[in-house]
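Good morning, and thank you for coming. Please look at the sequence and the structure on the screen while I describe them part by part.

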Amino acid sequence: MINAYEKIVIKTENKLQKKNKRFNNKFISHHIFDKNTMVALHHLLNSKIILYVNGLVKSGKESMLFWAIDKNGNDIALKIYSTTNSIFKKRNLYIPNKKQLPKFSNKHTIEMWAKHEFQNLKQCIKFQIPVTKPICVFKNILVMDFVGNNGIPNKTLAESHILQSDYDCFMIILHKLYKSAKLVHGDLSGFNIFKINNGLLFFDLSSSLHITHPNADMLLKRDIYNMSIFFKNKGLVVQNPIDIYNSIKHNV
C-alpha cells in the first residue's frame with residue numbers, strides 16, 4: 001500500500017517530469033532528492049512559486065543549487081539544503097544567537113540553516129546591501145533570484161579579472177554589512193562574491209552571524225584576513241587587515 005507521504009512524492013515526480021517534457025528542459029533525475037525535499041518541492045509547485053526545475057547548477061557538501069523558472073517565466077535559484085548530510089552537526093561555530101533568532105530549534109537543524117540564510121539576506125536587502133535577493137523559504141529550500149543568464153551563473157571574483165575598483169567596492173560592502181545590517185559574513189572568499197556589471201554581490205550567507213554573537217569578532221577577522229590575501233595575490237594594493245578591523249569596529 002502506498003501511504004499519503006509516498007503519494008505526494010510520486011505526484012511531485014510526475015509533475016516535474018511533465019513540466020520537463022513540456023518545456024524540453026534538461027532536468028536532473030529526481031533520485032537526487034530525498035522524500036522530505038520532494039514534499040517541499042510539492043508545496044512550492046502547488047503554491048505557484050516555481051513552475052518547473054531545469055537542472056543542477058552547483059553541488060556542495062551542504063546544499064545543491066538548481067536553476068528553476070517561476071510562474072512568470074523568470075529565472076530563479078533553488079538552494080536545497082541536504083537533509084541527509086551530517087556536516088551540519090559540526091557547525092556549532094555558526095549556531096545563531098538564540099536571543100536574536102528565538103524561532104530556531106535544534107530539532108530542525110537543516111531547516112534552521114535555510115531560514116537563517118533567508119533572514120540574513122532579507123536583512124541585507126533592507127539596508128540596500130548587494131546580495132542575492134531572497135524570494136521565500138520553505139522547509140529546506142531557499143528560493144532566490146538567479147544571478148546570471150539562461151542557467152549560467154555570473155562569474156565569481158575568483159573567476160574574474162580583478163581591478164582595484166573591485167577591492168574598493170568590497171571594502172564598502174564589508175563595512176556596510178557590519179555597520180548597517182549588523183552582520184558578519186563568516187565565510188568570505190573569492191568564490192562567494194559575484195562580479196556583476198555595476199560592482200560586486202555577496203552570496204552564501206548561511207554562515208553569517210549577528211555582530212553580538214560570541215564568535216562574530218573571530219569570524220570578522222578571518223574574513224578580513226582571507227580577502228586581504230585574496231586581493232593581494234591578485235596584485236592589488238590592500239590595507240593592513242588590523243587597520244580594517246579597527247576601522248569597522250570603532251566606527252559602528
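Predicted model: local features only at pLDDT ≥ 70, side-chain atom pairs only at ≥ 80, totals over all residues.

Two strands are said to pair if DSSP finds at least two bridges between them. Strands themselves are DSSP runs of E with at least two residues, helices are runs of H or I with at least four, and both are numbered from the N terminus. In general, strands of a sheet pair through backbone hydrogen bonds, either parallel or antiparallel. Between β2 and β3 there are five residues, and the two strands form a hairpin. In that turn, G73 has a positive phi of about 85 degrees.

Residues are numbered from 1 along each chain as its sequence is written, and side-chain values use heavy atoms, with hydrogens and water left out.

Now the overall picture. The protein chain has six helices and eleven strands. Of its 252 residues, 45% count as buried. Buried means under 20% relative accessible area, exposed means over 50%, and partly exposed lies in between, with a 1.4 Å probe and protein chains only. Among contacts in the chain with a separation of 6 or more, 63% are between residues 24 or more positions apart. Contact here means heavy atoms within 4.5 Å.

I return to the sheet. What is the order of its strands? The sheet is open, has five strands with antiparallel pairing, and runs β1-β2-β3-β5-β4. β1, residues 52-59, and β4 stand at the edges with a single partner strand each, so one side of each has no neighbour in the sheet. From one strand to the next, the twist averages 25 degrees. Axes are lines fitted to C-alpha atoms, for helices over the stretch in contact, and angles run from 0 to 180 degrees between N-to-C directions.

Within this sheet, β3, residues 75-81, pairs with β5, residues 141-145, in the antiparallel sense over five bridges. The bridge partner of I76 in β5 is D145. Six of the seven residues of β3 are buried. Is A77 buried or exposed? A77 counts as buried, at 4% relative accessibility. Leaving aside neighbours within four places in sequence, A77 is in contact with L65, F66, L142, V143, M144, D145 and F146. A77 and D145 are 68 residues apart in sequence, yet 5.8 Å apart in space, C-alpha to C-alpha.

Helix α2, residues 35-46, lies across β3, β4 and β5 and runs at about 45 degrees to β5. Helix α3 also lies across β3, β4 and β5, running at about 160 degrees to β4.

Q128 is placed in the loop between α3 (109-126) and β4 (134-138). Although not a glycine, Q128 has a positive phi of about 55 degrees. Q128 is exposed, with a relative accessible area of 65%.

Finally, consider helices α4 and α5. The axes of α4, residues 164-179, and α5, residues 216-233, come within 12 Å and cross at roughly 175 degrees. The two helices are therefore roughly antiparallel to each other; that term applies to angles over 145 degrees, whereas under 35 counts as roughly parallel, 65 to 115 as roughly perpendicular and the rest as oblique. On the α4 side, D166, Y167, F170, L174 and Y178 meet D217, L220, I224, M227 and F231 in α5. The residues of this contact divide into eight nonpolar, no polar and two charged. Ala, Val, Leu, Ile, Met, Phe, Trp, Tyr, Cys and Pro count as nonpolar, Asp, Glu, Lys and Arg as charged, and the others, Gly among them, as polar. The buried residues of α4 pack against α3, β8 (183-184), β9, β10, α5 and α6 (241-250). Thank you for your attention.
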